[in-house]
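Please open the structure in your viewer and keep the selection tool at hand.

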Amino acid sequence: MSKLGIIIPVFNSEKYLVECIESVLAQSFVDWQLFLVDDGSTDSSGQICDEYARDDNRIIAIHQKNTGPILARYAGLMNANTEYVTFVDADDWIDSGTYMEAFHYMKEDVDVIEYEIKRNYNYGYITVVSHPDAGRVYRGQELNDKIRKTMVWNREKKGPSIDASLCNKLFKREFLTNEYRHAKDLSLHYGEDMAIVYPILQRCESYVFSSGGGYNHRQYKRFSDIIYVKDEHFFEKLTRLYMYLRNRLQEQIYVEQLDFFFSYSVNWYMNNYRGQRLDIQYLFPFHCVPQGARVVLYGAGKVGKAYHDELDRIPYCDVVLWVDKGKKETGVLPVEALLNADYDFVVIAVKNSLLIQNIRIDLIKMGVPENKIVWNDAEG
């Protein structure tokens with residue numbers, strides 16, 4: 001059995017595929033199998049795969065009808081009888097010493113091994129995602145404190161602490177197999193890697209950022225050409241990803257992280273429209289409200305307006321009523337209006353914790369069931 005399985009999903013990649021495969025062949029580490037999964041290509045990509053498989057018995061070409069990258073990776077994974085598995089996109093390439101550096105940690109039986117990802121833009125600019133404690137193996141409580149608490153969202157960085165890419169990581173095969181069995185039928189373009197990477201990091205027992213090697217991500221597409229930027233079902237799929245991760249990442253430390261990621265993603269997408277940028281200083285408590293619920297929004301100040309803006313753009317739940325006490329705003333009704341409303345939850349859109357508790361008491365006195373009153377703990 002080979003130590004490492006390398007999976008390259010291939011779809012109409014003839015322009016860059018040879019360079020990608022050659023970067024694997026140039027590795028100083030040689031105990032690998034390479035699975036080229038031709039996902040219904042209509043150019044010469046399938047022929048290139050077959051030529052390399054014919055010349056090197058470590059290379060296996062798999063041909064299938066077009067099913068998308070998740071199922072293409074899954075097909076390679078199901079054929080990989082190796083201890084570790086990694087992925088490379090067909091238009092990217094690997095630094096020559098990457099897998100040899102990672103081998104040091106494979107020998108230490110580390111579950112997840114990450115290394116630098118270099119984003120090479122077509123105008124010559126390169127950004128590098130590195131780690132301040134490269135070479136340090138995290139286990140036990142330190143894995144919780146240093147990695148998991150901010151892996152999806154770090155409030156100081158205003159982004160994730162762990163890059164969600166599958167391609168700059170090696171995984172114990174059993175972790176990948178388990179997560180792909182859950183995620184393989186998801187229909188996503190945005191966040192596909194997140195659906196696999198973060199649940200694995202929640203369940204693994206050891207993680208390291210390798211002190212050498214690197215993955216080169218070719219950034220040649222314009223922003224407007226990225227498939228999920230043009231997807232008219234973006235918000236629907238984003239909500240599906242959010243709910244999936246909520247189910248897979250059930251510990252409390254991920255609740256706020258996922259809410260920040262969700263709102264950031266909406267904000268990022270809205271940059272397509274001039275002047276439509278969202279203020280995500282205040283986060284709607286998505287984790288307290290099921291998708292599709294009917295909500296009464298209580299509060300028309302800064303927090304309430306931020307929540308209302310978020311829900312106006314995200315098809316997550318239905319705001320049946322917007323109320324406030326003595327606030328005269330367009331579309332905002334007196335609090336008493338909720339007595340005749342049909343709703344699932346009353347969401348208190350206020351920041352001050354004392355005011356939240358006073359509103360909660362008033363609502364209960366009005367006959368609102370206590371289990372229908374929610375708010376964002378992070379705000380109050």
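A salt bridge here is a side-chain nitrogen of Lys or Arg within 4 Å of a carboxyl oxygen of Asp or Glu. The model is a predicted one, in which local features need pLDDT of at least 70 and side-chain atom pairs count only at pLDDT 80 or more, while totals for chains, interfaces and linings use all residues. Residues are numbered from 1 along each chain as its sequence is written, and side-chain values use heavy atoms, with hydrogens and water left out.

Begin by selecting Lys149 and Asp145, which form a salt bridge whose closest N and O atoms are 3.6 Å apart. Accessibility is classed by relative accessible area (buried under 20%, exposed over 50%, partly exposed in between, with a 1.4 Å probe and protein chains only). Lys149 is partly exposed at 44%, and Asp145 is also partly exposed, at 37%.

Next, select Asp56 and Arg58, whose side chains meet in a salt bridge at 3.0 Å, N to O. Here Asp56 counts as buried at 16% relative accessibility, whereas Arg58, at 24%, counts as partly exposed.

Move on to Arg294 and Asp344, where the side chains meet in a salt bridge at 2.8 Å, N to O. Arg294 lies in strand S11 and Asp344 in the loop between S13 and strand S14 (345-348), so the pair ties together parts that are 50 residues apart in sequence. Strands are DSSP runs (E, at least two residues), numbered from the N terminus.

Which residue of S12 is the bridge partner of Tyr298? It is Val323, and Val323 also stands opposite Leu333 in S13. S13 (residues 333-334) runs parallel to S12, joined to that strand by two bridges.

Finally, turn to the nonpolar cores, each a set of buried Ala, Val, Leu, Ile, Met, Phe, Trp, Tyr and Cys residues joined through side-chain atoms within 4.5 Å. The largest has 110 residues, and Leu176 and Tyr198 have the most contacts inside it. A second, separate core of 16 residues includes Val350, Leu363, Val368 and Ile373.

Definitions and conventions:
Pairing = 2+ DSSP bridges. Helix = DSSP H or I, 4+ residues; strand = E, 2+ residues; numbered from the N terminus.
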